Structure formats: structure tokens, C-alpha cells
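Please look over the structure below before reading the numbered notes.

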Amino acid sequence: MEKMRASRNRSAPTVDFTTNCYENDWQIMLARGYLRVVLDRCCHDFNRRRLVINNVRERARVEAAAAAAVARGDIDEYLFVDDHAAAALEFFQVSKTSLGRGYLYSISELVALHVSDASYLLYYKGDSYPKRRFRWIDDAVGLMEGSGDLVVANLCWNDRFDLARSESFGQQGDFLVGYGFSDQCFLVKMSIFRAPIYNEENPASARYPDYAGESFEKRVDAYMRNHELKRLTHRRQSYVHKNVPKRGLGRILRRLRPLA
């Protein structure tokens, strides 16, 4: 029986966790307990827990804080975008010039996808986190494993369940099925996303904000629509997305601590 269980575990899809930080929020992300709370709310035994660091002024200071987070067991590893960006852009056949203003909004995600060798990647932007503890990843992976056109899953955004329902055209289990993509929270099938798919356009994708240019999420949305690929959005559970202010570290940490 133990041999059978071990065999099943070896063949099960693996999931990496990645989040990112930058100059305005690295002190929040690397404060004692923050990442531990976020990961605990994911309720999943991840293959690797990774932090991607981009656009910081004092690399040595940030690296010391990241190394401390690894030593505490909050994450398994960290990396700096500058060390991996060129390889990621070459792998995905995307140029920095083509991303334009979207480069800073996109390169962390592209690096995260490039360095992961898991079957699936769960990614949270640094200004997003699960609202509460809830097990949903295995259910989402099961649905995506069983259907070729289901390639991404996410919790609902900021409790906007009515909007999610209005944008869907089906349901599977606890998930609404529809088009669309957000870089705030995504669980993606790596057999699709770790490939040079990021150079397509679609008229519907023009809805993404102009300030982000030809961004990662805009390119993903275009590819998915062009190939009729769908996403799953949880119909009862949500993540929180809040823009991180340049000041206010203490307030943000206090908001999270009671929910730990």
C-alpha cells in the first residue's frame, strides 16, 4: 500500500508558488510572517516556494532580507529579475522593445514561468493575496488535467462574484468558466504557458490599461482568445488586490496579522 501511495504521489502534477516584490513593497513582502501567512492561506504543499525580486535600489539590503526569509522557512528561494530577464525573453521569443512600457509590468511573470519546472505555477502579484485559508488548487488542477481548453484558474477578485458570473458562460464544480486573464492571481498549466505564446493580438484584449503597454496579461488574454482557451474562476472564494502605497508598511502588516 505504501509503495502504491508513493507511486501516485510521484505521478501527481506538481505546483510551484511564486510571488514578486519591488522597491515599494519588498519591506512588506519580506517582513517576518507575511509570506508565511500568504502561503498558509493557499493550503497546498508546493513543489517550490519562490520570490522574484525586481527594480530595487539597494540590492544587497533586499538580498539580506530575502536570505533571512529563506532561513526562517518562509520561502525556498529568491531570485533577481536582472539575473534572468535576458534568458527568459530569449526563451519566450519576446523583445524588451516590443513590451515597451509593459516591460516592468511583465518581466517578473515571464522570469517566474521560465525558471519553474513544475506542472503548474500559482502566481500572486505582490499586491494580491488570498482572503482566507481555503483548499482550491487541487480541484482546479483536476479540472485542467481533464480538459485541454481549461488552462488557467484563479480565485475571484475582491469579492466581485456578480461580475465574475456575468463574464462566464459555464460552470464546472465550484468554478465559473469563461475567457479572460489577470496577472494579479493565476494558476496556469505550464505545458501551455512555458512556451513562446506571447506575441499574439486580439481586439478584445485592447481593454487592458494603456499605461501597461503590450503587457504580459494582455498578451496572454489575446493568445487564449485566439485559441479558444478558457479560465476557471472560483465562484465562492476571493483574493484581495490592493495597490501598495509608498508608505504604510505598518498598516498593511496590522491588517494581515489578525487573519493569520
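1. His114 is part of helix α7, which spans residues 103–115. Helices (H or I, at least four residues) and strands (E, at least two) are DSSP runs, numbered from the N terminus. This is a predicted model, in which local features need pLDDT of at least 70, side-chain atom pairs count only at pLDDT 80 or more, and totals for chains, interfaces and linings use all residues. Residues are numbered from 1 along each chain as its sequence is written, and side-chain values use heavy atoms, with hydrogens and water left out.

2. Is His114 buried or exposed? His114 has a relative accessible area of 18%, so it is buried. The terms are set as follows: buried is under 20% relative accessible area, exposed is over 50%, and partly exposed is in between (1.4 Å probe, protein chains only). Not counting residues up to four places away in sequence, His114 touches Ala87, Ala88, Phe91, Phe92 and Arg194; contact here means heavy atoms within 4.5 Å.

3. The largest pocket holds about 1100 Å³ of space. It is lined by 35 residues, of which Asp183, Gln184, Tyr211, Glu217 and His241 are the closest to its centre. The elements giving two or more residues to this lining are α7, α11 (216–226) and β10 (230–241). By class, the lining of the largest pocket has 13 nonpolar, twelve polar and ten charged residues. Ala, Val, Leu, Ile, Met, Phe, Trp, Tyr, Cys and Pro count as nonpolar, Asp, Glu, Lys and Arg as charged, and the others, Gly among them, as polar.

4. The words pocket and cavity need their rule. On a 1 Å grid over the protein atoms alone, a cavity is a set of points where a 1.4 Å probe fits but cannot get out, while a pocket is an open set with protein on both sides within 12 Å along at least five of seven lines; lining residues have an atom within 4 Å of a point. Grid points are joined across faces, edges and corners, and a volume is the space filled by probe spheres set on the points.

5. Asp183, one of the residues closest to the centre of the largest pocket, lies in the loop between β8 (175–178) and β9 (185–189). With 10% relative accessibility, Asp183 counts as buried. Leaving aside neighbours within four places in sequence, Asp183 is in contact with Tyr105, Glu109, Tyr123, Lys125, Phe216 and Glu217. Lys125 is 58 residues from Asp183 along the chain, yet their C-alpha atoms are separated by 6.8 Å.

6. Tyr105, a contact of Asp183, is placed in helix α7. Its relative accessible area of 36% makes Tyr105 partly exposed. Apart from neighbours within four places in sequence, Tyr105 is in contact with Lys125, Asp183, Tyr211 and Ala212. Between Tyr105 and Phe216 there are 7.3 Å in space, C-alpha to C-alpha, although the two are 111 residues apart in sequence.

7. How many cavities of 30 Å³ or more are there? The count comes to two. Residues lining the second largest cavity include Trp157, Glu167, Leu176 and Arg231. β8 gives the most to this lining, with three residues, and β10 supplies at least two. By class, the lining of the second largest cavity has five nonpolar, three polar and two charged residues.

8. There are 14 aromatic pairs by the rule used. Rings of Phe, Tyr and Trp (its six-membered ring) pair if their centres lie within 6.5 Å; planes under 30 degrees apart count as stacked, over 60 as edge-to-face and the rest as tilted. Phe17 and Tyr124 form a tilted pair, with 6.4 Å centre to centre and 40° between the planes. This pair links distant parts of the chain, 107 residues apart: Phe17 is in strand β1 (residues 15–21) and Tyr124 in strand β4 (residues 120–124). Phe17 is buried at 1% relative accessible area, and Tyr124 is buried at 0%.

9. Why is the pair of Phe91 and Phe92 edge-to-face? The ring centres of Phe91 and Phe92 are 5.0 Å apart and the planes stand at 85°, so the pair is edge-to-face. Phe91 is partly exposed, at 29% relative accessible area, whereas Phe92 is buried, at 0%. Both belong to one aromatic cluster, among whose members are Tyr123, Phe181 and Phe216.
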